[in-house]
Amino acid sequence: MQLRFNRTNNEIDQMIDELMQKAGGVHHPDQTREMIIAALKAGQDTSYLADLKLLSNTMKEMRYTTMVFAPYRQKKKVTIFGSARTRPEEEMYQKCIQFSRLLADKGYMIITGGGGGIMQAGNEGAGSEASFAANIKLPFEQSANPVMLKNPRLITYKYFFNRKVAFVKESDAIAVFPGGFGTLDEAMEVFTLVQTGKTSPKPLVLVDDEEGYWEHFFRFIKERLLVMGFISAEDFSIFTITKSYEEAVQVIDDFYTNYHSIRFVNGELIIRLTKVLTPEQIEMLENEFPELRLEGSRIELISARPEEADEPDLLELPRIAFRFHHQHYGLLIAFIRRLNTF
């Protein structure tokens, strides 16, 4: 039988409905039903065991990730990347401790990779109670750092891609300290996700050392990538470089001065705010960022759209909306920083 995601599977659909009812406590049964259908279709589509194991393990890891993070959904979180080889006596280790401690004092929680070096410094500064660790199983067995060992917010992943999803999806900001291939990989992925709109806008702070690790990186980006046309000037809005951990925290804090979150509804970009903009402020934004809007679109003050009812805790927030030009996600970051000045 060829299964379909619409309700044309007759007896199979009825059996799935009965299964969910028997299991009890199933939220959003339509979505759950589609996951069950997808699992059955995967079993029909392939006899290659390794592929089925990949699909099964991926879902198990993501389900567990969601369960661990769900109770803290209302807490802002900062993901910290950096070298596992940074030693406790080094400048950047101590700077990371101060950085994460200051964030924790301001009510943020910290997400790290759970290993040593900068990861341990991030957990150490914030403390175990304000920390998450997304560890990874490696052939040489990267164990969790002492701060997060036996912590209920420690998750150990089989797959790097699930771990990366958790780092970005669950965070409200990213801080990257100097590091090796893994750190650069993580930073580049966040650049790409923000630049292409595949993650919500969020501050990306590159915390530098005294030798200018990130300044050298910035020079390469400007002199090669920008000059050769591989990126646009507006992409420099995606990140901030600073040697000061206090400034790094301020960049993150300032990003949420008025901006709250975004959502797309029927092709319309909705930006939720913490305070209402005046008509004069909206006019200023329209004049300063005309490239963000599709031709004929205006920035409007709106109330929550009916489609937003699935986020009831956000319905009372003020919001603006317009038809967004999807080639300008770097400029969208600059737009958010501007509206935060009001």
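This note goes through a sheet and some helix packing in a predicted model.

1. Basis. Local features need pLDDT of at least 70 and side-chain atom pairs count only at pLDDT 80 or more, while totals for chains, interfaces and linings use all residues. Residues are numbered from 1 along each chain as its sequence is written, and side-chain values use heavy atoms, with hydrogens and water left out.

2. The sheet. Seven strands, in the order β4-β3-β2-β1-β5-β6-β7, form an open sheet with parallel pairing. Strands here are DSSP runs of E with at least two residues, helices are runs of H or I with at least four, and both are numbered from the N terminus. Two strands pair if DSSP finds at least two bridges between them.

3. The edges. β4 (154-157) and β7 (239-242) are the edge strands, each pairing on one side only. Strand β6 (residues 204-207) runs parallel to β7 and is joined to β7 by four bridges. L206 has I241 of β7 as its bridge partner.

4. Two helices. Helix α7 (residues 181-195) packs against helix α8 (residues 213-226) at about 50 degrees, with the axes 14 Å apart. Axes are lines fitted to C-alpha atoms, for helices over the stretch in contact, and angles run from 0 to 180 degrees between N-to-C directions. The angle makes α7 oblique to α8; under 35 degrees counts as roughly parallel, over 145 as roughly antiparallel, 65 to 115 as roughly perpendicular and the rest as oblique.

5. Their contact. L184, M188 and F191 of α7 meet Y213, W214, F217 and I221 of α8, where contact means heavy atoms within 4.5 Å.
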